[in-house]
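Please look over the chain shown below before reading the notes that follow.

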Amino acid sequence: MARLRDIVFDCANPAATARFWAAALDGCAVAPYDDEELARLRALGIADVEDDPTVLVESSRGGPRLWFQLVPEGKSCKNRVHLDLSVTDREAEAERLVGLGATVRDRYPDHLVLTDPEGNEFCLIDEG
């Protein structure tokens with residue numbers, strides 16, 4: 001049987017988008033850059049981790065990792081898949097995420113639809 005390992009986001013700025021999601025999600029962080037990874041990037045001609053074309057976000061709780069990969073084309077339509085985030089206070093969490101760079105797109109009685117800085121949709125759903 002297959003197991004979910006990674007959720008991959010195509011984006012124009014992987015480092016910034018990864019930092020947004022690492023800050024947005026409880027227990028998540030951008031994977032640290034060790035000497036081997038820095039050497040790999042230098043071999044590709046990349047001197048600054050801000051220019052890394054693939055950035056990984058890991059959870060301290062396990063579960064799927066989030067990969068952010070550079071693609072040449074921009075987002076052109078609604079996501080076919082999106083994340084639903086469970087929260088205890090939708091409005092407070094929306095305000096926090098907007099402070100990180102998200103945008104509230106739609107409000108519904110039972111959830112909010114937001115977009116991350118790259119325009120990827122996600123929802124805030126009440127826990128329970």
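Predicted model: local features only at pLDDT ≥ 70, side-chain atom pairs only at ≥ 80, totals over all residues.

**Overall dimensions and surface**
- Along its principal axes, the C-alpha trace of the protein chain spans about 50 × 35 × 30 Å.
- The protein chain has 128 residues, of which 34% count as buried, and its accessible surface comes to about 8,100 Å², with 52% of that area belonging to carbon and sulfur atoms.
- When contacts between residues at least 6 apart in sequence are considered, 59% of those in the protein chain join residues at least 24 apart.

**Packing of H1 with H3**
- Two packed helices are described by the angle between their axes and by the distance between those axes.
- Helix H1, residues 14-24, and helix H3, residues 90-100, have axes that come within 10 Å of each other and cross at roughly 155 degrees; because angles over 145 degrees count as roughly antiparallel, H1 is roughly antiparallel to H3.
- The crossing in which H1 passes H3 is right-handed.
- On the H1 side the contact is made by Phe20, Ala23 and Ala24, while H3 contributes Glu93, Arg96, Leu97 and Leu100.
- Sorted by class, the residues in the contact of H1 with H3 comprise five nonpolar and two charged ones, with no polar residues.

Definitions and conventions
Residues numbered from 1 in each chain as written. Heavy atoms only, no water. Axes fitted to C-alpha atoms, helices over the stretch in contact; angles between N-to-C directions. Helix = DSSP H or I, 4+ residues; strand = E, 2+ residues; numbered from the N terminus. Parallel < 35°, antiparallel > 145°, perpendicular 65-115°, else oblique. Left-handed = near helix turned anticlockwise from the far one by under 90°. Contact = heavy atoms within 4.5 Å. Nonpolar A, V, L, I, M, F, W, Y, C, P; charged D, E, K, R; others polar. Buried < 20%, exposed > 50% of the residue type's maximum accessible area, 1.4 Å probe, protein only. Areas by Shrake-Rupley, 256 points an atom, 1.4 Å probe, with all protein chains shown as cover.
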